[in-house]
Amino acid sequence: MKPSPLVYHRPTSVEEACKVLAEVGHEGKVLAGGQSLVPMLSMRLAAPANLIDITAIPKLDEITSSSEAGVTFGALVTHADLAANDGAFAAQPLLRRGLHHVAHATIRNRGTTLGSIVHADPSAEMPAVLLLLGGSVQVRSVRGTRTIAAEELFLGPLESSVEPDEVAVSVTVPAAEPGVGTAIDEIARRHGDYALVGVVAQVRVVDEVVTEARAAYISAGEFGEVIDFTEILAGASAVDESDPPWRALAESARERVETDADIHATARYRSQLVAALTSRVVFNAAQDALHSAERN
Ligand SMILES: Cc1cc2nc3c(=O)[nH]c(=O)nc-3n(C[C@H](O)[C@H](O)[C@H](O)COP(=O)(O)OP(=O)(O)OC[C@H]3O[C@@H](n4cnc5c(N)ncnc54)[C@H](O)[C@@H]3O)c2cc1C
């Protein structure tokens with residue numbers, strides 16, 4: 001199939017893009033890497049009258065990072081660019097770890113991480129990473145600039161709070177803190193496919209004891225929610241997985257994270273994956289926290 005007829009715009013500045021978006025309103029769609037939007041256009045799941053291609057706008061492909069300010073990257077930074085950036089990895093290792101699970105190399109070479117975030121797919125890794133880290137997205141329109149915190153960004157599956165006349169220009173994620181570790185893992189039919197279930201976790205460890213533990217889910221749970229497991233895990237040994245709180249964690253995750261059935265997996269199988277992956281990923285995040293001193 002082919003996209004329905006549309007007017008193609010190629011602005012060369014953010015201001016120009018905002019002006020076009022303001023003029024066309026709900027009839028416009030921003031095009032970044034096109035890895036999600038172009039298939040949707042071709043299948044006519046989206047049929048905007050105007051396509052605003054932002055790829056000719058300079059400076060949107062920049063990445064800055066520091067151990068104080070964290071990592072900020074622009075709307076044209078591809079998954080591949082961000083994953084390869086050593087400064088970003090040093091400041092916030094969960095970015096590269098998350099990107100390792102995103103799609104296949106050809107898609108990572110074109111798809112942008114901010115595009116994936118704004119696309120708000122509950123099966124995508126980077127929305128969960130942004131939520132867990134408490135990052136934010138900067139957006140521009142003719143009305144001005146605003147920053148949207150991750151917890152206010154995801155309204156529902158494929159629905160973000162970026163308004164139709166806004167262009168998202170950059171993302172910021174906080175730097176990793178000493179004593180805080182992160183981990184991600186998922187089960188997919190093939191590496192690079194969307195996850196049947198994935199878990200991203202962040203754990204704080206003080207004197208080899210867990211003091212905080214949170215997790216966000218991919219293809220499971222309420223989209224946009226971060227689950228706090230601190231009550232279950234506070235006081236658990238970060239070096240001994242046989243400590244009773246670690247055994248209680250899997251059951252707690254199974255109870256708290258709802259799962260749905262689709263053509264790929266039953267809800268029961270997804271629940272089983274939630275339980276097994278939560279134990280594994282949260283413990284791995286605790287191990288990462290133990291090693292964070294070497295990192296920092
Ligand atoms: C076969 C296949 C497998 C994939 N597997 C995975 C996977 O395992 N995990 C995963 O996370 N993703 C996966 N993807 C999706 C991929 O990561 C996309 O790159 C990403 O979802 C969207 O980024 P993009 O730059 O291509 O955005 P586009 O396709 O250009 O846009 C996507 C949506 O976001 C909007 N948008 C994009 N940028 C902006 C902006 N700056 N401001 C405002 N709106 C914007 C667009 O209007 C559109 O609605 C897969 C894609 C394919 C085709």
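Predicted model: local features only at pLDDT ≥ 70, side-chain atom pairs only at ≥ 80, totals over all residues.
**Stop 1: the largest pocket**

Start by selecting Ser36, Leu37, Gly115, Val118 and His119. Of the 49 residues that line the largest pocket, these are the closest to its centre. The pocket itself has a volume of about 1,200 Å³.

Next, colour the elements that each give two or more residues to this lining: strands S2 (28-31), S9 (159-160) and S10 (167-173), along with helices H2 (37-42), H7 (113-119) and H8 (125-133). Which element gives the most to the lining of the largest pocket? Select H7, which supplies five residues.

Now try colouring by domain. Domain 1 (1-55 + 64-176) and domain 2 (180-295) each provide at least three residues of the pocket lining. If you colour by residue class instead, you will find 25 nonpolar, 16 polar and eight charged residues in that lining.

**Stop 2: the ligand**

Show the ligand and the 29 residues around it; Val30, Gln35, Leu37, Thr112 and Glu125 come nearest.

- At leucine 37, a polar backbone atom is 2.7 Å from a ligand oxygen.
- At glycine 33, a backbone N or O atom lies 2.8 Å from a ligand oxygen.
- At alanine 103, the distance from a polar backbone atom to a ligand oxygen is 3.1 Å.

The ligand taken alone exposes 970 Å², and the protein buries 89% of that.

**Stop 3: the largest cavity**

The structure also holds two cavities of 30 Å³ or more. For the largest, select Tyr217, Ala220, Gly221, Glu222 and Glu225, which are the closest to its centre of the 13 residues that line it. About 90 Å³ of space lies inside this cavity. Its lining is made up of seven nonpolar, two polar and four charged residues.

**Stop 4: the second largest cavity**

Finish with Phe73, Leu95, Thr113, Ile117, Met126, Val129, Leu130, Val171 and Val173, the residues that line the second largest cavity. Its volume is about 40 Å³. H7, H8 and S10 each give two or more residues to this lining, and H8 has the largest share with three. How many of the lining residues here are charged? There are no charged ones; the lining divides into eight nonpolar residues and one polar residue.

Terms used. Residues numbered from 1 in each chain as written. Heavy atoms only, no water. 1 Å grid on protein atoms, 1.4 Å probe; cavity = no way out; pocket = protein on both sides within 12 Å on 5 of 7 lines; lining within 4 Å. Points joined across faces, edges and corners; volume = space filled by probe spheres on them. Helix = DSSP H or I, 4+ residues; strand = E, 2+ residues; numbered from the N terminus. Nonpolar A, V, L, I, M, F, W, Y, C, P; charged D, E, K, R; others polar. Domains from an automatic or database assignment. Near = heavy atom within 4 Å. Polar contact = N/O pair within 3.5 Å; in protein donor to acceptor, adjacent residues only side chain to side chain. Areas by Shrake-Rupley, 256 points an atom, 1.4 Å probe, with all protein chains shown as cover.
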